[in-house]
Amino acid sequence: MDLARQQRLHETLRVRSKILAGIRRFFINNQYIEVETPICIPAPLPEPHIDPPGAACGYLQPSPEVCMKPLLSAGFERIFQICKCFRQSERGRRHLPEFSILEWYAAGQTYIDLMHTCEAMVEKIGQVLGLSLEITYQTNLIDLTRPWHRMTVSEAFDRFGSADMETAIRKDRFDEIMGLEIEPSLGLGQPVFLSDYPAETSPLAAPKPENPKLAQRFELYIAGLEICNGFTELTDPAFQQNRFEAEIARCRAAGLPVYPFPARFLADLAAMPPAAGCALGVDRLMMLFTDAQSIDEVVAFTPETL
């Protein structure tokens with residue numbers, strides 16, 4: 001490790017340690033149980049654009065949800081976990097093939113409740129670090145005062161995109177427009193919850209009762225950084241199986257990898273209570289609170305240095 005990076009990391013890793021301790025304290029004080037689940041799993045969940053690395057024991061988890069949700073089915077009402085996750089072909093200024101995730105689940109909650117939890121947790125982390133409700137990230141002054149702004153995906157496409165949401169989906173340009181045109185404009189000045197995603201982009205989320213074409217899902221953006229992804233859980237095994245089969249068919253048609261079917265997960269889903277869950281990128285949260293331009297600045301080692 002070069003000396004300059006070592007000197008920068010000395011303070012960054014101290015801040016990282018404080019943030020991790022603050023996250024744990026926040027959830028434990030709110031009656032959540034910290035759990036640990038296997039990193040190596042036999043069958044990942046079929047999700048768009050997520051490819052887990054293979055391993056001798058199966059697959060390295062792209063998310064801990066495949067094992068955390070069965071704990072809800074077993075009667076645990078509030079659980080959280082901070083762990084390592086793995087995704088192939090993810091490397092860039094904001095991406096690592098091995099990264100840290102915070103996931104939490106709460107029985108009896110919806111995606112609206114998760115938004116309130118996000119607000120409270122980020123505010124608490126700021127307090128742990130001795131910061132005010134105004135922080136600066138890459139010259140952007142961010143006001144963390146609650147409540148944060150809410151915007152639907154459809155509104156974001158109308159405001160920032162070169163096409164409306166329906167046209168983008170029909171022309172298979174949804175991800176392109178979202179990533180290149182919309183995301184850089186989100187959360188500048190104040191965090192924003194982008195909600196009500198198209199159901200076809202959200203195979204694990206419950207549909208909105210008043211409009212099944214939309215999902216009860218949000219993503220949190222702060223200064224153009226996607227911080228987390230949360231949704232009201234889909235708990236209907238038959239409905240979930242249909243969505244999985246549709247995603248598998250899409251992968252086959254596109255010549256993409258097809259993974260073993262998660263039959264055990266679907267069996268457990270039958271006993272899962274109404275719930276909501278959220279996955280937060282810990283490393284990106286570290287970037288925000290250390291004003292880091294690259295994710296490489298907030299981890300002890302990058303793949304290239306090993």
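Q: Is Phe160 buried or partly exposed?
A: Phe160 counts as partly exposed because its relative accessibility is 23% (buried is under 20%, exposed over 50%, partly exposed in between, with a 1.4 Å probe and protein chains only). This is a predicted model, where local features need pLDDT of at least 70 and side-chain atom pairs count only at pLDDT 80 or more, while totals for chains, interfaces and linings use all residues. Residues are numbered from 1 along each chain as its sequence is written, and side-chain values use heavy atoms, with hydrogens and water left out.

Q: Thanks! What does Phe160 touch, leaving aside neighbours within four places in sequence?
A: Its partners are Met151, Glu181, Ile182, Ser185 and Leu186, with contact meaning heavy atoms within 4.5 Å. Phe160 and Glu181 sit 21 residues apart in sequence, with 6.4 Å between their C-alpha atoms.

Q: Which helix holds Phe160?
A: Phe160 is in H4; helices here are DSSP runs of H or I with at least four residues, numbered from the N terminus.

Q: And how do H4 and H6 cross?
A: The axes of H4 (residues 153–160) and H6 (residues 174–182) come within 11 Å and cross at roughly 60°. Axes are lines fitted to C-alpha atoms over the stretch in contact, and angles run from 0 to 180 degrees between N-to-C directions.

Q: Which residues make that contact?
A: Val153, Ala156, Phe157 and Phe160 come from H4, and Phe174, Ile177, Met178, Glu181 and Ile182 from H6.

Technical notes
Helix = DSSP H or I, 4+ residues; strand = E, 2+ residues; numbered from the N terminus.
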